[in-house]
There are 2 protein chains.
Amino acid sequence: MSLADTHGITVAFNQAKKSYNEGGIPIGSSLFNSRTGAQLGAGHNERVQKASPTLHAEIAALENTGRLRAAVYRECTLVRELDSYTSNSPCSMCTGAVLLYGIPRVVIGENSNFKGEEDLLRSRGVEVVVLDNPECTELMARFIKEKPELWNEDIGET
Amino acid sequence: MSLADTHGITVAFNQAKKSYNEGGIPIGSSLFNSRTGAQLGAGHNERVQKASPTLHAEIAALENTGRLRAAVYRECTLVRELDSYTSNSPCSMCTGAVLLYGIPRVVIGENSNFKGEEDLLRSRGVEVVVLDNPECTELMARFIKEKPELWNEDIGET
């Protein structure tokens, strides 16, 4: 794990904690330039805060970053501090956004319970790096225990 | 083509024309209950209007519809009045949103030039219906001729 990835996870995790403290779903994401390490944007799930069914953390990070040229996306790393955890409904929408913009590298904080659409990303040539971050796991486990109905709505289960 | 699909395409096409008249990208979408024919929502590409890189037409339609239970999505048809036309960068993000929410049926107005992620949708059990709507084709062809740089940005090409 590089220093840049550690920083990316920290930014994403802080987004997740912010969302948790607002009563929202605690998943965060950040977008970095892989070459320079510059942060381009960050965001968190906005289902509760904006009543949004589409602003998952990665989509929110891309939205908050704003419009970029294709060449910029192609130098990026998108960080998600947690993968689909306990879910068998992987985030195909966020996977699709990565493929749409040709983002070549995705860093995932934790995937001990489910590996989501990682195979689809890899089959399209995206580098997927999985870290093992216990803080990410703990926050999400706490949230799912507290508000299972919200989590199931977010992954299209109920 | 059912009457409901004809209506869905009309709603989506009107969204596309609205966006074109606002100086935006003319792609529209609508969401219908497949069983009752009730319209649940609609939207258009918001790249220009909201400086948004993620509000493609389908994402905008889902966002404008708001939060729904999983059981409702599973009775839906998502209509896109145009497929990826002249592009070899299919809308994988919107495909992913369909898979995330388990939307079982997608109606596409036109796909004469490229068939996008239709294979991925079908491989996951989604019914894909392709119509052949010359109005959709004509509007998009006009737009791409007028503003190629905007179109290429939207599909992550430049």
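These questions and answers walk through a predicted model.

Reader: What ground rules apply to the model and its numbering?
Author: Residues count from 1 along each chain as its sequence is written, and chains are lettered from A in the order in which they are written. Because this is a predicted model, local features need pLDDT of at least 70 and side-chain atom pairs count only at pLDDT 80 or more, while totals for chains, interfaces and linings use all residues; side-chain values use heavy atoms, with hydrogens and water left out.

Reader: In what order do the elements of chain A run from the N terminus on?
Author: Helices (H or I, at least four residues) and strands (E, at least two) are DSSP runs, numbered from the N terminus. Chain A has seven helices and five strands. Their order is α-β-β-α-α-β-α-β-α-β-α-α.

Reader: How much of chain A do buried residues make up?
Author: A residue is buried under 20% relative accessible area, exposed over 50% and partly exposed in between, with a 1.4 Å probe and protein chains only. Chain A has 158 residues. The buried share is 61%.

Reader: Which rings in chain A form a stacked pair?
Author: Rings of Phe, Tyr and Trp (its six-membered ring) pair if their centres lie within 6.5 Å; planes under 30 degrees apart are stacked, over 60 edge-to-face, the rest tilted. The search finds two aromatic pairs over all chains. In chain A, one pair has centres 4.2 Å apart and planes at 20°, so it is stacked: Y73(A) and Y101(A).

Reader: How far apart in sequence are the parts that this pair ties together?
Author: Y73(A) lies in helix 3 (residues 70–73) of chain A. Y101(A) lies in helix 4 (residues 92–101) of chain A. So the pair ties together parts that are 28 residues apart.

Reader: Is Y101(A) buried or exposed?
Author: Its relative accessible area is 1%. Y101(A) is therefore buried.

Reader: Which residues form a stacked aromatic pair in chain B?
Author: The centres are 4.2 Å apart, with 20° between the planes.

Reader: Over which ring does the charged end of R142(A) sit?
Author: A charge sits over a ring if NZ of Lys or CZ of Arg is within 6 Å of the ring centre and within 35 degrees of the ring normal. The charged end of R142(A) is 5.2 Å from the centre. The ring is that of Y20(A).

Reader: How much area do chain A and chain B bury between them?
Author: Buried area is the accessible area (1.4 Å probe) that two parts lose on being put together, summed over both. Here 49% of it is on carbon and sulfur atoms. The total is about 3100 Å².

Reader: Which residues of chain A lose the most area to chain B?
Author: Together they give 23% of what that side buries. They are R67(A), L100(A) and Y101(A).

Reader: Which residue meets E117(B) in a salt bridge?
Author: A salt bridge is a side-chain nitrogen of Lys or Arg within 4 Å of a carboxyl oxygen of Asp or Glu. The count between chain A and chain B is six. E117(B) has a distance of 3.0 Å, N to O, to its partner, R124(A).

Reader: Which helix of chain A gives the most to the side that touches chain B?
Author: Helix 2 (57–65), helix 3, helix 4 and helix 7 (148–154) each supply at least two residues. One of them gives seven residues, the most: helix 4.
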